[in-house]
Amino acid sequence: VAGAARHPESGLPVIDLVVTGVSGEHRFRVEVARSSSEQARGLMFRTDMGPDEGMIFPMEPPRFASFWMKNTVIPLDLIFIGPDGRILNIAPNARPYAEDRLVSAGPVRGVLELAGGRAAALGIAPGDSVKW
């Protein structure tokens, strides 16, 4: 992601991401957590995130994904994106610091984290298309 903007806190590249579904088109600026260490840290210790910000965790090749909220201060929506680019399932409003596993309903090519409650507020749902 040469020449991409960088997030001031994480230093990760920031790219455009669009979710399209029956509720319309929703645009976000997301940090890209590509390496295993970037993915392991994710949004841990982050104290705020804007309503149109997020983090994408690309998974290549697609695989089952399992996340937890350890050391995560803010509630998040975890959006699991299938190999076809469509949302498989959503773990809404994941509780800060919870250590229970939030898992994908099948193999995913990416997981999108948004501020807790955003998916419901915008009408983002399984079957919607995600492009980044």
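Colleague: Why is glutamate 25 called partly exposed?

Modeller: This is a predicted model, and in it glutamate 25 has a relative accessibility of 48%. Buried needs under 20% and exposed needs over 50%, so 48% makes glutamate 25 partly exposed.

Colleague: And what makes arginine 27 exposed?

Modeller: The relative accessible area of arginine 27 is 53%. The cut-off for exposed is over 50%, so arginine 27 counts as exposed.

Colleague: How do you know that the side chains of glutamate 25 and arginine 27 meet in a salt bridge?

Modeller: Their N to O distance is 3.2 Å. A salt bridge needs such atoms within 4 Å, so the pair qualifies. A search of the whole structure finds 6 salt bridges.

Colleague: What makes arginine 46 and glutamate 9 a salt bridge?

Modeller: The closest N and O atoms of arginine 46 and glutamate 9 are 3.7 Å apart, and the limit is within 4 Å. Arginine 46 sits in the loop between helix H1 and S4, while glutamate 9 is in the loop between strand S1 and strand S2, so the bridge ties together parts that are 37 residues apart in sequence.

Colleague: Are these two partners buried or exposed?

Modeller: Arginine 46 is buried because its relative accessible area is 6%, and glutamate 9 is exposed because its value is 51%.

Colleague: Which residues belong to the network of salt bridges that share partners?

Modeller: Glutamate 31 and arginine 46 also meet in a salt bridge, at 3.0 Å from N to O. Here strand S3, which holds glutamate 31, is linked to the loop between H1 and S4, with the two residues 15 apart. Both glutamate 31 and arginine 46 are buried. Shared partners join Glu9, Glu31 and Arg46 into one network.

Colleague: Let's turn to the rings. Why is the pair of phenylalanine 57 and phenylalanine 67 called edge-to-face?

Modeller: A search of the whole structure finds 2 aromatic pairs. For phenylalanine 57 and phenylalanine 67, the ring centres are 5.0 Å apart and the planes stand at 90°. Phenylalanine 57 is in strand S4 and phenylalanine 67 in strand S5, so the pair ties together parts that are 10 residues apart in sequence.

Colleague: What makes phenylalanine 67 and phenylalanine 80 an edge-to-face pair?

Modeller: Their centres are 6.3 Å apart, within the 6.5 Å limit, and their planes are at 80°, over 60 degrees, so this pair is edge-to-face. The pair links phenylalanine 67 in strand S5 to phenylalanine 80 in strand S6, 13 residues apart. Together, Phe57, Phe67 and Phe80 form one aromatic cluster.

Colleague: How do you know that phenylalanine 67 and phenylalanine 80 are buried?

Modeller: Phenylalanine 67 has a relative accessibility of 10%, and phenylalanine 80 has 0%. Buried means under 20%, so both count as buried.

Notes: Residues numbered from 1 in each chain as written. Predicted model: local features only at pLDDT ≥ 70, side-chain atom pairs only at ≥ 80, totals over all residues. Heavy atoms only, no water. Phe/Tyr/Trp six-rings, centres within 6.5 Å; stacked < 30°, edge-to-face > 60°. Helix = DSSP H or I, 4+ residues; strand = E, 2+ residues; numbered from the N terminus. Buried < 20%, exposed > 50% of the residue type's maximum accessible area, 1.4 Å probe, protein only.
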